[in-house]
Amino acid sequence: MDNSIRLLEFIFKNAKMGSETIEDLIDINEDLKFRDELVYEKETYDDFVSKVNKIMKKMGKEAKDLSFFTEMQSYLMIKMETLKDKSSEHIAGMLMQGSTMGIVQITKKLREYKDSDKEVVKLAKRLLEIEEKNFYELKKYL
């Protein structure tokens with residue numbers, strides 16, 4: 001059960017970071033077609049956050065939110081990265097880097113917590129598929 005909780009917490013933090021990052025970038029972006037992609041990806045991450053919360057609630061647990069430091073660090077990085085270049089190409093590249101990190105981390109966590117509850121493993125694998133899909137969708141904007 002402990003590994004299931006650890007994997008759920010990882011899924012939660014990954015999805016929460018994706019959602020909050022995209023939320024900050026939506027306001028910076030000026031391309032309406034790209035904005036639609038960003039909104040879709042944010043909604044997808046929000047769905048994972050909701051699913052993790054429901055599963056953990058059934059287990060009598062609560063997901064730990066991102067730390068203030070993590071949120072502030074991400075916000076400042078986004079502001080610095082987009083200070084000179086707010087283009088869709090640049091933002092897509094930034095998000096592709098994040099998705100790549102997510103793909104690597106999820107793959108490692110799936111191996112590390114392979115004895116987790118089947119429902120939790122399935123959710124992690126679905127998040128991996130979403131990260132891979134996002135990567136390829138974002139390539140269209142480079």
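**Helix packing around α5**

Helix α1 passes helix α5 in a left-handed crossing, a term used when the near helix is turned anticlockwise from the far one by less than a right angle. Helices here are DSSP runs of H or I with at least four residues, numbered from the N terminus.

This is a predicted model, in which local features need pLDDT of at least 70 and side-chain atom pairs count only at pLDDT 80 or more, while totals for chains, interfaces and linings use all residues. Residues are numbered from 1 along each chain as its sequence is written, and side-chain values use heavy atoms, with hydrogens and water left out.

I turn to the geometry of the first pair. Helix α1, residues 2-28, packs against α5, residues 118-139, at an angle of about 25°, with the axes 10 Å apart. That angle makes α1 roughly parallel to α5, the word for angles under 35 degrees. The contact, meaning heavy atoms within 4.5 Å, involves S4, L7, L8, I11 and N14 of α1 and V120, V121, L123, A124, L127 and E131 of α5.

Next comes α2. Helix α2, residues 32-58, packs with α5 at about 170°, and their axes lie 12 Å apart. The two are therefore roughly antiparallel, which applies to angles over 145 degrees. Among the α2 residues in this contact are F34, Y40, F48 and I55, and the α5 residues include L123, R126, I130 and L138.

Finally, confidence. The mean pLDDT, the predictor's confidence in each residue from 0 to 100, is 90 for the chain, and 92% of its residues reach 70 or more.

Technical notes. Axes are lines fitted to C-alpha atoms, for helices over the stretch in contact, and angles run from 0 to 180 degrees between N-to-C directions. Angles under 35 degrees count as roughly parallel, over 145 as roughly antiparallel, 65 to 115 as roughly perpendicular and the rest as oblique.
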